[in-house]
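Good morning, and thank you for coming. I would like to take you through one structure today, beginning with the whole chain and ending with its salt bridges.

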Amino acid sequence: FPFPYTPYHIQERFMAALYSALEAGRVGIFESPTGTGKSLSLICGALSWLRDFEKKKQQEEARLLALEEGGQEGKKQLASAEPGHAEGKDTAGEPDWITAFVQKKEERDMVDRLKEEQIRRKKREDRLEKIRHNVHLKYAAKRKRSEEDETNRLLQLSKEVLSEEAGVDVLEQLDQNEEELILGEYESDEEKKVVSGLEEDDDDLEEDHVTKIYYCSRTHSQLSQFVHEVQKSPFGKDTRLVSLGSRQNLCVNEEVRRLGALQLINDRCMEMQKNKHEKKNDEEKEGKKRRVSRTVCPFYSYEQMQFLRDEVLVEVKDIEQLVALGRETKACPYYGSRYAIPAAQLVVLPYQMLLHEPTRTAAGIKLKDQVVIIDEAHNLIDTITCIHSAEISGSQLCCAHSQLSQYMERYRKRLKAKNLMYIKQILYLLERFVAMLGGNVNQNPSCQAVSQTGTVLKSINDFLFQSQIDNINLFKVQRYCEKSLISRKLFGFVEQYGGPATAVKTNKENQKLAGLQNFLLTLQQGSDKRGDPSMEAENDQLRTASPLMQVEGFLSALTNANQDGRIILNRQGTVGQSSLKFLLLNPAVHFAKVVEECRAVIIAGGTMQPVADFREQLLSCAGVDPARVVEFSCGHVIPPENILPIILCSGPSNQQLEFTYQTRDLPQMMDETGRILCNLCNVVPGGVVCFFPSYEYEKQVYAHWEKTGLLTRLATRKKIFQEPKKANQVEQVLVEYAKCIKRCSQAGGQMTGALLLSVVGGKMSEGINFSDDLGRCVIMVGMPYPNIKSPELQEKMTWLDKTMPRAAGQAPSRVLIENLCMKAVNQSIGRAIRHQKDFASILLLDHRYARPAIFNKLPQWIRERTQVKPAFGSAFAELRKVRSCIFCSA
């Protein structure tokens, strides 16, 4: 395999196993710990396979075309080479001349297809080669763009001068602007395939998708990091790579970007496209004076996006470089990158975009016979569940109803009958949803107390019947919302009339709008009186995005199959605080299409253990044949002596360590934990990271240590930091933590570093690197089992017990709980070892970790080196020994 440097042995094994899985069309679960060069192994292994696959395919094409030219004997071989050749079909009873005719037609079709493919490939390669080596083309394109910009600027100036001379009435201008708020005529409920995109004809847009690899990861920064690795790899120069992202990341139109919320940006972009397509129709209507010039996006230019597409295919670019190119070329990176998909060999995208079928279809992603690699996939099941779940609060429902009612009253005379019919249906749905929460849409949700509080779960069918909306076709309503862009129109309406500071004219029609303003004001005042931070956050959300957008998400979830999900009615205090939530129980239904269509799927991560969840909940339920599944797990590149994992069963005073819900709150258990930390902080230099099961427990232990004076003893050796709950404070805490460790290592003295108290599943347990001195010891306090009293988890457990077989005598629900716990543990303890020369100790404080069922769910590279210590003395001796061997030599 080509590699930028001499690979580790485990990287060679990884690439060989990956190549084999892709060649055989398998579904692979690949585990390679962080610090072992997983990204480069994925790049070099997968692109080596793709290069060889393309070479074999071209050789086969050349052979078949040569046979076709070689006469009759060649044609016989050609016919037998075609998978669907006539001899393979059941031709019993067919005359010979029909069989011969069908066979010849299939031969001709296949040859024509191969020739067309060759022509297209040659045309694409020539075009890209020309762009790669002809700098004049770039300058010509730039010069043309600057000329067009100057022309547009002069046109705009002349329009402004003319409007000033005409003395346009300001009030009439406002009315014209209001035209954009009115819904267009909704033509039909029939499924029409609307071709999104461009009026101009272009053969390249219809180009067949070449065999490609879709690489997905979780975050924008992880994708950028991966693209940089590709740039540094031996494949960086000759790989056609395209990075995809959301409009929020790729939009270069400042007017649209300023909207902030993703849904608003999406809707505004779609509306501008719609305006562009309607513009021609409007201009064709003679004798009708247009009242308003609708805004179209200046970056949505076919010619410039075609130029951007080619630039993307010529040179590997990450999203930041793509956006910079879009600004420079005055072309939309969002659409320009999508037009590059058919010809690209490697498509890099967030896995939400690939796993959500409507988004995938809209992006033009075709998975048939392609390869998908999902990296950082340890949370894949949760991600699929979250993407397809939806929640909406009572406040949002009431607010959406009020806004839509006011909108309908304002424009009733201007709206077509079909628009009014759908708006009334949506209003009825909102009324029934609020009624299910025990409220009334016509009253302030913050002032309506809920009589029966608690959480109730219902099947989708039961919810539809009990809310009396089973007679409404939700598919049609959902389609109407999507096609009419009603949420965008409503947002524009609220922007214009909903703010308390807006000056509203006092005619009869506008007086009706006072109701909307008063309602929004009472919502705001109600939350201010309570001073509830969560409600304030919710009201911020209401102000930045239309609540109807949230409703659309919930309606979409309701169209799922009945057995795959549940509706959770969460009635709390007031109607405003209550909520409706759709919970997806079976994520496999949305993953099934991916594994069915793809040639091969690779699920990869640094810590994939325990893999039973992936096999059972995802692959088995998606109908994947167990024989198609392959697992690969490699060790770490660090020497065995660089890591010391210990399972500690009891503390310094022989108190057995068992942090169950019943025992962990006992004073003696918290005292014992404190003693262990005091002893460790005396011998471990640098940073110590201690993980607690929850924020509440961490807070409780901290308060207890403060009261007993143990915190003061700890503070003599390590400065103590606590993980903040707010995400925007995490960076500051980490910076201070790192500074303290560096200062102590340089100064010497009694203070040896810092102690960071963190939470499993919190901000520090994923994506943060405690490499080198930042994490010389990682401590896990207890076992972070999820809250089994959660109605959502209980429903998931019940569903698993009904649908899954028992594994090794254990109920599927019990396996789920253990797997959720150990996934969280493995992510947290993996924070410490980040590269080949790193070293650290890992302490698991609970005797239950030594049980075989739990122990076997630790990552292999940690499990192989783990020591079980019944008493604290022997564990402490090991740590001191390690300190003298490694820590002091550091």
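I shall begin with the basis of the model and then turn to its parts.

What you see is a predicted model, in which local features need pLDDT of at least 70 and side-chain atom pairs count only at pLDDT 80 or more, whereas totals for chains, interfaces and linings use all residues. Residues are numbered from 1 along each chain as its sequence is written, and side-chain values use heavy atoms, with hydrogens and water left out.

Let us take the chain as a whole. Its secondary structure comprises 36 helices and 18 strands; helices (H or I, at least four residues) and strands (E, at least two) are DSSP runs, numbered from the N terminus. Of the 890 residues, 52% count as buried. Here buried means under 20% relative accessible area, exposed means over 50%, and partly exposed lies in between, with a 1.4 Å probe and protein chains only. The chain exposes about 41,500 Å², and carbon and sulfur atoms supply 50% of that area; the areas come from the Shrake-Rupley method with a 1.4 Å probe, and for residues only the protein chains shown count as cover. Among contacts in the chain with a separation of 6 or more, 81% are between residues 24 or more positions apart, a contact being heavy atoms within 4.5 Å.

I turn now to strand β12, residues 643-648. Why is this strand described as largely enclosed by the rest of the structure? Six of its six residues are buried, so β12 is largely enclosed. I643, P645 and I647 point one way, L644, I646 and L648 point the other way, and all are buried. Strand β12 has two partners to consider, where pairing requires at least two DSSP bridges between the strands. With β17, residues 840-845, β12 pairs in the parallel sense over six bridges. With β18, residues 867-869, β12 also runs parallel, joined by three bridges. L648 takes part on both sides: its bridge partner is L845 in β17 and K869 in β18.

Among the helices, I would point to α17, residues 394-411. This helix of 18 residues reaches 26 Å from its first C-alpha to its last, close to the 26 Å expected at 1.5 Å a residue; the expected span is 1.5 Å times one less than the number of residues. Because 16 of its 18 residues are buried, α17 is largely enclosed by the rest of the structure.

Finally, the salt bridges. A salt bridge here is a side-chain nitrogen of Lys or Arg within 4 Å of a carboxyl oxygen of Asp or Glu, and by this rule the count comes to 21.

R268 forms one with E255, with the closest N and O atoms 3.2 Å apart. R268 lies in helix α10 and E255 in helix α9, so the pair ties together parts that are 13 residues apart in sequence. R268 is buried, at 7% relative accessible area, while E255, at 36%, is partly exposed.

K581 and E792 meet in another, at 3.3 Å from N to O. K581 belongs to strand β9 and E792 to helix α32, so this pair ties together parts 211 residues apart in sequence.

E818 and K857 form a further salt bridge, at 3.1 Å between the closest N and O atoms. E818 is in helix α33, and K857 is in the loop between α34 and α35, 39 residues apart. Both E818 and K857 are buried.

Lastly, K38, D375 and E376 are linked in a network of salt bridges.
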